[in-house]
Amino acid sequence: MELKRQHLIDPVICIRCNTCEETCPVNAITHDDRNYVVDASICNNCRACVPPCPTGAIDSWLMSSRPWTLEEQFSWDDLPPEAKLEEGLESGPEPAEVTAIIDVATASTGGRVPPPFSAAHPYVNVYSRESPATARVAGNFRLTDPDAESDIHHVVLDFGIRPFPVLEGQSIGIIPPGVDDKGRPHNIRLYSVASPRDGERPHHNNLAVTVKRVRAKDDSGKLIEGIGSNYVCDLKKGDQVLVTGPFGDTFLMPNHPEANIVMICTGTGAAPFRGFTERRRRKAPDAAGKLLLFFGARTPGELPYCGPLMKLPPSLIDVNLAYSRVPGEPKQYVQDKMRERDTDLAALLKSEHSYIYICGLKGMEQGVEEALSDICRLHDLNWTEIRAQLRREGRYHVETY
Ligand SMILES: Cc1cc2nc3c(=O)[nH]c(=O)nc-3n(C[C@H](O)[C@H](O)[C@H](O)COP(=O)(O)OP(=O)(O)OC[C@H]3O[C@@H](n4cnc5c(N)ncnc54)[C@H](O)[C@@H]3O)c2cc1C
Ligand code: SF4
Ligand code: SF4
């Protein structure tokens with residue numbers, strides 16, 4: 001009997017965020033409404049999917065005498081026991097061999113983008129679904145105008161005496177209570193931390209999240225209310241919430257005071273940048289590095305943190321807002337605002353101290369990249385080379401969902 005190591009996904013800790021499925025260069029990962037799974041007949045063990053996974057669920061490699069089928073993986077609540085390798089039996093690739101395959105594959109796919117060199121060391125996966133932290137809701141208020149279409153909330157969670165160490169740019173997982181229509185616990189939902197590492201309120205053991213209530217129509221026109229976002233948006237002061245994480249070890253803020261940080265976002269993508277900006281304001285308001293924000297929304301009433309943002313001094317942050325649905329005004333998107341600032345962006349792209357962060361709606365990075373490419377062309381720079389260098393040096397980060 002030959003044993004082979006098979007790449008699998010741990011259903012207990014997977015938060016069903018789809019990142020791995022989008023990353024896999026050979027489409028070996030698929031999902032149903034229950035589990036994310038790996039097709040053993042397609043997977044070539046390249047590991048390109050491993051670094052971007054926020055939970056580590058993807059990094060599961062078990063020995064088996066025959067490949068577990070997709071149907072078997074879809075039915076799992078937990079990983080099966082690993083087959084034991086008996087003396088004298090053949091085995092599949094060992095971790096060292098797997099790693100060698102990976103190095104080749106990640107080189108060809110651009111590899112993992114490291115964190116900024118000066119970022120503090122993050123704690124990750126301190127709390128899991130089996131052992132979550134309990135937080136108390138210290139406040140919940142609506143950020144968007146009462147008549148705005150999108151309902152976005154600022155929710156502050158207090159961890160009391162339980163340590164919950166986060167850095168700007170990390171996310172937390174929230175476990176919605178109850179079970180789905182098949183009687184299984186709901187999946188964990190991820191939310192970016194919107195406050196700096198020393199707390200929403202300085203030196204308090206709390207943090208903030210920025211959550212948009214999801215209401216979508218299915219193919220038949222039936223209204224679907226998002227489980228996690230509606231749960232969080234409806235929380236009342238004093239409610240208890242089960243929290244996992246923190247997650248994320250690359251989309252982190254550089255600590256270096258000379259770091260120029262270009263932040264490009266839409267909607268709740270502003271959350272991590274609120275953390276970045278507040279960190280700079282509290283710890284290094286006179287830092288030499290620039291903060292440059294490009295923020296898109298449909299209208300001013302739909303732009304979270306619009307009021308407080310406009311009160312920040314221009315010496316701290318250079319704010320560029322783009323609105324796409326203001327009656328009587330031309331539609332503007334973040335990439336339009338970036339093109340208006342081509343000279344400043346080109347100068348920043350030439351600096352080894354510049355970092356670019358993109359956060360918000362899935363798909364937004366395409367327009368942003370086109371704008372950066374156009375700006376480079378206009379200023380005799382090569383965007384392909386600059387982008388590769390930025391990624392290599394941990395200075396180009398994208399988080400879209
Ligand atoms: C790294 C990361 C960070 C994130 N940070 C944030 C954050 O800071 N703030 C935040 O609000 N969300 C954030 N999210 C998204 C969040 O985790 C949830 O996916 C989101 O709240 C929807 O979950 P739900 O349970 O409400 O909807 P679900 O119950 O999971 O979905 C209900 C239905 O709505 C559809 N749907 C889901 N999202 C949308 C959408 N945006 N527009 C239209 N239809 C949709 C689904 O396809 C589904 O059919 C983040 C996700 C990731 C991966
Ligand atoms: S190891 Fe490579 S081939 Fe296999 S699922 Fe991950 S990205 Fe796809
Ligand atoms: S948590 Fe990891 S394994 Fe699960 S869907 Fe996200 S990237 Fe894939």
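Contact here means heavy atoms within 4.5 Å. This is a predicted model, in which local features need pLDDT of at least 70 and side-chain atom pairs count only at pLDDT 80 or more, whereas totals for chains, interfaces and linings use all residues. Residues are numbered from 1 along each chain as its sequence is written, chains are lettered from A and ligands numbered from 1 in the order in which they are written, and side-chain values use heavy atoms, with hydrogens and water left out.

**Asn-320**

- Leaving aside neighbours within four places in sequence, Asn-320 is in contact with Leu-292, Leu-293, Phe-294, Phe-295, Lys-337 and Arg-341.
- The side chains of Asn-320 and Arg-341 are also joined by a polar contact of 2.9 Å. A polar contact is a pair of N or O atoms within 3.5 Å; within protein, one must be able to donate a hydrogen and the other to accept it, and residues adjacent in sequence count only if both atoms are side-chain atoms.
- Asn-320 belongs to strand 15, residues 318-323. Helices (H or I, at least four residues) and strands (E, at least two) are DSSP runs, numbered from the N terminus.
- Asn-320 counts as buried because its relative accessibility is 9%. Buried means under 20% relative accessible area, exposed over 50%, and partly exposed in between, with a 1.4 Å probe and protein chains only.

**Surroundings of the ligands**

- Around ligand 1 there are 18 residues, of which Arg-189, Leu-190, Tyr-191, Gly-228 and Ser-229 come nearest. A residue is near a molecule or strand if one of its heavy atoms lies within 4 Å of it.
- Ligand 2 is surrounded by 14 residues, and the closest are Cys-24, Cys-43, Cys-46, Arg-47 and Cys-49. By class, this shell has ten nonpolar, three polar and one charged residues. Ala, Val, Leu, Ile, Met, Phe, Trp, Tyr, Cys and Pro count as nonpolar, Asp, Glu, Lys and Arg as charged, and the others, Gly among them, as polar.
- Ligand 3 has 14 residues around it, with Cys-14, Cys-17, Cys-20, Cys-53 and Thr-55 coming nearest. The shell of ligand 3 divides into ten nonpolar, three polar and one charged.

- Six strands form an open sheet in the order 8-7-12-5-6-9, with antiparallel pairing. Strand 8 (189-192) and strand 9 (206-212) stand at the edges with a single partner strand each, so one side of each is left without a neighbour in the sheet. From one strand to the next, the twist averages 40°; axes are lines fitted to C-alpha atoms, for helices over the stretch in contact, and angles run from 0 to 180 degrees between N-to-C directions.
- Strand 7 (residues 171-175) pairs with strand 8 in the antiparallel sense over four bridges, and Ser-171 has Ser-192 of strand 8 as its bridge partner. Two strands pair if DSSP finds at least two bridges between them.
- Strand 12 (residues 240-247) contains Pro-246, and the peptide bond from Gly-245 to Pro-246 is cis, with omega near -5°.

**Strands 1 and 4**

- Strand 1 (residues 4-8) and strand 4 pair in the antiparallel sense over five bridges, with Ser-60 in strand 4 as the bridge partner of Leu-8.
- In strand 4 (residues 60-64), five of five residues are buried. Both faces are covered, with Ser-60, Leu-62 and Ser-64 on one side and Trp-61 and Met-63 on the other.

**Loop residues**

- Ala-194 is located in the loop between strand 8 and strand 9 and is buried, with a relative accessible area of 0%. Leaving aside neighbours within four places in sequence, Ala-194 is in contact with Ala-208, Val-209, Thr-210, Ala-271, Arg-274, Gly-275 and Tyr-305.
- Asn-45, in the loop between strand 3 (36-38) and strand 4, has a positive phi of about 60° although it is not a glycine. Asn-45 counts as buried, at 13% relative accessibility.
- Asp-380 also has a positive phi, near 55°, in a residue other than glycine. Asp-380 lies in the loop between helix 9 (364-378) and helix 10 (383-392) and counts as exposed, at 74% relative accessibility.
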